[in-house]
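This report covers a helix and its cover, a nonpolar core, aromatic pairs and a loop residue. The sequence and structure come first.

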Amino acid sequence: MTACMTSDNLLKSKIEYVYESIFIFVIIFIILGEEPTVNNVIGVLLGIAAVAVILGIAFLMSNDRKNINYKGVGIMLAVQLVLTAFMFNTTVGQQIIKGISWVFNRLIEYGTEGVNFVLGGVEVGENGVFFFNVLLLIIFFATILSVLTYLKILPFIIKYLGWGLSKITGLPKVESFNAVNSIFFGQSEALIAIKSQFHNLNDNRLYIVSASAMGSVSASIVGAYLGILPDEYILVALPLNMFSALIVSSIIAPVNVPKEDDEVDIQDVSNAKSFFEAMGNGALDGGKIALIVASMLIAFIASLELANAVFGAIFGGFTLQQLLGYIIAPIGLLMGIPAAEVVDAGAIMGTKIVTNEFVAMLEFQGMLENVSEKTVGIVTVFLTSFANFSSIGIIAGTVQGIDAEKGGRVSGFGLKLLIGATLGSMLSATIAGIFL
């Protein structure tokens with residue numbers, strides 16, 4: 001009888017955390033949002049329903065529901081809501097976004113000078129060449145990232161942000177550090193930074209660090225994103241997706257690490273021996289990334305056209321994107337996308353999952369003038385992550401290089417990893433949409 005009462009009290013306590021998060025959600029919207037209207041209220045209710053559906057799916061996928069850190073989930077949801085409301089609905093928040101955007105745009109200008117020096121004599125069309133105007137800027141951003149890493153500026157920031165995240169959420173230090181690290185570095189680099197910890201990672205912990213890597217994007221290619229879609233939504237997506245990846249993955253694969261085992265020993269991401277070596281390494285890494293992205297775009301866009309041709313021949317002009325649009329439309333409606341735009345928006349979101357974010361962003365760029373600002377914000381936030389099929393191979397391959405046995409395990413739960421990362425992107429996009 002006592003055990004039954006204890007179990008009931010525990011369940012009640014966990015449910016209270018969820019209700020508290022929803023309560024905070026509504027209060028923040030009322031205090032910082034616009035004058036309440038019927039449409040606003042409906043938008044909030046749909047948003048709450050979408051969050052409930054997303055977290056519900058994650059709960060059903062969970063392999064250890066008794067040990068879910070509901071308090072940590074509630075705290076991270078609250079932080080997301082406060083952060084999004086602050087950025088979208090306050091003057092100070094808007095100024096911060098504009099300031100960060102200004103810095104990135106200035107860096108893009110400096111990077112363009114370097115590109116023009118090398119390619120200034122090349123004739124291009126009226127709209128330029130994507131490889132020249134966007135992808136080659138990755139070289140400059142990767143160089144800056146490498147130098148900041150060599151100077152120990154980024155490692156210092158990442159270390160203490162990770163420590164703070166662990167303290168407020170109760171998540172283990174390795175998972176927290178990796179989540180922050182994934183915002184700045186690519187999937188492979190973020191995982192390599194914690195390679196000395198892999199012997200301590202069970203399957204659930206391995207799932208969380210992999211999901212964080214897949215749910216984020218590398219700072220070195222953010223500049224390229226800013227050349228395609230609106231700055232403010234790209235920048236807000238970065239912290240939102242970090243939290244969302246942790247929220248969803250910690251529900252699907254809960255962890256409970258004893259304090260004595262909760263240590264983090266991080267490997268240096270930079271092996272440069274001097275400032276100029278760091279610059280050179282960053283430039284070479286950026287060049288490799290630019291070529292890889294260009295190669296993947298050629299392959300994926302060509303394959304997508306081939307798939308659409310086959311679909312069109314079989315189903316009378318019906319494309320793969322349209323099919324994906326109808327599949328994603330129901331959750332898209334809950335996320336806040338207007339009914340008239342939800343199929344087209346769902347098609348873009350589906351394209352990102354089966355190809356990559358660049359392919360989807362380029363497709364969506366041509367739609368920006370024909371859809372509402374709310375749809376632009378929701379879809380842009382959703383697209384700003386590495387959650388796609390190709391990332392399964394990248395992450396599994398990286399882990400395989402660190403630990404062959406664990407690499408096999410990542411491959412084994414690869415589809416579950418993609419579903420979790422996609423749910424995280426949907427959660428971020430939903431929260432952003434509520435404040436638009």
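Which residues does Asn178 touch, not counting residues up to four places away in sequence? They are Ala190, Leu191, Ile194, Val209, Ser212 and Ala213, where contact means heavy atoms within 4.5 Å.

## Basis of the model

This is a predicted model, in which local features need pLDDT of at least 70, side-chain atom pairs count only at pLDDT 80 or more, and totals for chains, interfaces and linings use all residues. Residues are numbered from 1 along each chain as its sequence is written, and side-chain values use heavy atoms, with hydrogens and water left out.

## Helix α8 and Asn178

Asn178 is placed in helix α8. Helices are DSSP runs of H or I with at least four residues, numbered from the N terminus. Helix α8 takes in residues 173-184, and its 12 residues should span 16 Å at 1.5 Å a residue; the expected span is 1.5 Å times one less than the number of residues. The end C-alpha atoms of α8 are 17 Å apart, which agrees.

Of the 12 residues of α8, 11 are buried. Buried means under 20% relative accessible area, exposed means over 50%, and partly exposed lies in between, with a 1.4 Å probe and protein chains only. Asn178 counts as buried because its relative accessible area is 0%. Other buried residues of α8 include Val174, Phe177, Val180 and Phe184. Among the elements that cover the buried residues are α6 (137-150), α7 (153-169), α9 (187-192), α10 (203-215) and α12 (231-252).

## Nonpolar core

The largest nonpolar core has 124 residues. Such a core is a set of buried Ala, Val, Leu, Ile, Met, Phe, Trp, Tyr and Cys residues joined through side-chain atoms within 4.5 Å. Its largest share, 14 residues, comes from α12.

Phe358, Phe364, Leu383 and Leu427 have the most contacts inside this core. Leaving aside neighbours within four places in sequence, Leu427 is in contact with Val51, Ile54, Leu55, Leu77, Gln80, Ser244, Ile247 and Val248.

## Aromatic pairs and charges over rings

The structure holds nine aromatic pairs. Rings of Phe, Tyr and Trp (its six-membered ring) pair if their centres lie within 6.5 Å; planes under 30 degrees apart count as stacked, over 60 as edge-to-face and the rest as tilted. Phe88 and Tyr233 form an edge-to-face pair, 6.0 Å centre to centre with 75° between the planes. Phe88 lies in α3 (residues 70-89) and Tyr233 in α12, so the pair ties together parts that are 145 residues apart in sequence. Both Phe88 and Tyr233 are buried.

Phe275 and Phe276 also pair edge-to-face, at 5.5 Å and 85°. Phe275 is partly exposed at 35% relative accessible area, while Phe276 is exposed at 65%. Phe104, Phe140 and Phe141 form one aromatic cluster.

A charge sits over a ring if NZ of Lys or CZ of Arg is within 6 Å of the ring centre and within 35 degrees of the ring normal. The charged end of Arg65 sits over the ring of Phe59, 5.2 Å from its centre. Lys352 lies over the face of Phe382, 4.9 Å from the ring centre.

## Asn388

Asn388 is in the loop between α17 (373-383) and α18 (389-402). Asn388 counts as buried because its relative accessibility is 2%. Apart from neighbours within four places in sequence, Asn388 is in contact with Met214, Lys352, Ile353, Thr355, Asn356, Glu357 and Leu418.

Terms used. Helices (H or I, at least four residues) and strands (E, at least two) are DSSP runs, numbered from the N terminus.
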